Amino acid sequence: MKTSIATVSISGDLREKLEAISAAGFDGVEIFENDFLAYDRSPAEVRRMAADLGLEITLFQPFRDFEGLPEPQRRQAFERAERKFDLMTELGAPLMLVCSSVAPAALGGIDRAAADFRELGERAAKRGLKVGYEALAWGRHVNDHRDAWEIVRRADHPNVGIILDSFHSLSRRIDPNTIRSIPGDKIFIVQLADAPALDMDLLYWSRHFRNMPGEGDLPVVDFARAVAATGYSGPLSLEIFNDQFRSGSPRTIALDGHRSLIFLMDQVREAEPEVAPAGMALPPRVPVKGVSFVEFTADETEADTLRTMLGQLGFSRTGKHRSKSVERFSQGNINIVVNTEREGLAHAAYLTHGTSAYAMGLLVEDAGATLARAKALHAQPFAQRVGPGELSIPAIRGVGGGVIYFLDDNTDLARVWDIEFGSEPAGADAGLIGFDHIAQTMNYEEMLTWILFYRSIFVVDKGPMVDVIDPSGLVRSQVIESPGGAMRLTLNGAESHRTLAGRFIAETFGSSVQHIAFASSDIFETAAFLRRIGLAPLEISQNYYDDLEARLGLDGALLKRLADNHILYDRDASGEFFQLYTPNFGEGFFFEIVERRGSYAGYGAINAPFRIAAQKRAISPVAIPRH
């Protein structure tokens, strides 16, 4: 499988774009005309630059408003094409994209368009070039790939083919299986893009909201399967118009793009192996059996504060590392690791972010295979010095720079606590039974990268985007969840530094885990236990409970229990949800305790504004410096 990407998909000048595309591992590049025109080097110099970076120029685009024009516009269109052919010859671009016309003067008629393309094909052939016809979703007369194919078929010229673009077909809900009847050798290039499900003008949707395959809601896998079934063997190319990508890191976006194509073709291979093109077979996506541990880094002083809070949540210290300043605290199936080492990544993370949950361990079927898949998808492996009697635990760096460790039940990794930690008896606990979810906070423009990272490696689904209302702005939240809920991650994208999430990112210098939610078997029993051992929960306004009574008509006794314990409540047709929060720890980190009853599958988003308001009330005001 050859991979390509249009220069319009990422930010920077043309050199920066080409360097980022090469570094990400692409084989080829589409040169978008405006990127070339804005650059101050000759076509021959750009050709050499691409070659030096190991990139094949796959396409020059776009050529607009060509077919079906009356005279003299028709003659002028051919003159424009000849000038573009001159440029393409110098540039070393073998193929020109002709998009269906939107010109008011364009005349309809398949035979008229076919005749135009037959002549254009003749002119291209004299230069050793090809032209491809693409149906724009908003084309004046041609907006369906089936009509574009009929024009190409009737043109009947070896240098004229069709260009397929997943956005243009899928945005109009055209059945991708209609592609299967197109001969693969008449498909000159395939462009791929995903997009969120939005109800808006097609042109505006296309120009601003496209994203990488796997980041949106369109059935791009079905589209790619249909293309593969034709026998097409050319490049799979990304053409992404996205406002965030245009201002993001070109290297990050390019790497996301290459990862998305690897993931996409892996899904095609899994769904329809008989049509999938030859390529690297990855270990299958990984089911997560559970979160084994979350690890904090801290200095000794702040570790004491963290130990106190863990004790107030009913955790006991159940082990100390045999050779490092690392402790294990446990309750139910929950393990919290506190690392106060003065060297290594944990200490570096502390120096950068302060006390933070910088690592987590996931229990998977096969830790080695998980690492192999993650590496094939451009995840960065993580390893550091292993001391005597310690295990080498497979691990990768997460998107935000933290660490994800992989454990399994098939190797010595299953005995990591026995091998590396001494054992200490546990005391009475608060009835916490496991991790319910882990909330990671990042800048909003990073969210698509995180979503693609998790979806490409693990067997997880993504929920719909939810707007979380902070009194100081909006936070976008999206859930990544494995079947059965063994791993639940809530990704919270902050758009303003004034929100609680935005302040957390600013204060901790980057994306990180902002809160951990523990599951309780009985939240009222848990609340009573915590109160007895000294935990004062986050105080929720009485106004919230008065509204809860009016809105849901709860039983008076239940309402009183909720208010007395500062527990928030939500319900849907499937069940009920209860939430209890600790005060903030450090710069905006906090713990949550939840109980799910029935089949409630949400996260209490309706309660977020009231929880955030309570947390902001509890934050100490920033002192004004005195001179």
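β6 gives the most to the lining of the second largest cavity, with 4 residues. This is a predicted model, where local features need pLDDT of at least 70, side-chain atom pairs count only at pLDDT 80 or more, and totals for chains, interfaces and linings use all residues. Residues are numbered from 1 along each chain as its sequence is written, and side-chain values use heavy atoms, with hydrogens and water left out.

**The second largest cavity**
- About 40 Å³ of space sits in here, a volume being the space filled by probe spheres set on grid points joined across faces, edges and corners.
- Two or more lining residues each come from β5 (130–134), α6 (145–155), β6 (160–165) and α7 (166–170); helices (H or I, at least four residues) and strands (E, at least two) are DSSP runs, numbered from the N terminus.
- Among the lining residues are Tyr133, His145, Asp165 and His168; a lining residue has an atom within 4 Å of a cavity point, and a cavity is a set of points on a 1 Å grid over the protein atoms alone where a 1.4 Å probe fits but cannot get out.
- Sorted by class, that lining has 6 nonpolar, 3 polar and 2 charged residues (nonpolar: Ala, Val, Leu, Ile, Met, Phe, Trp, Tyr, Cys and Pro; charged: Asp, Glu, Lys and Arg; polar: the others, Gly among them).

**The largest cavity**
- Its volume is about 100 Å³.
- There are 14 lining residues, and Arg64, Leu136, Arg207, Glu239 and Phe241 lie nearest the centre.

- The structure holds 2 cavities of 30 Å³ or more.

Terms used
On a 1 Å grid over the protein atoms alone, a cavity is a set of points where a 1.4 Å probe fits but cannot get out, and a pocket is an open set with protein on both sides within 12 Å along at least five of seven lines; lining residues have an atom within 4 Å of a point.
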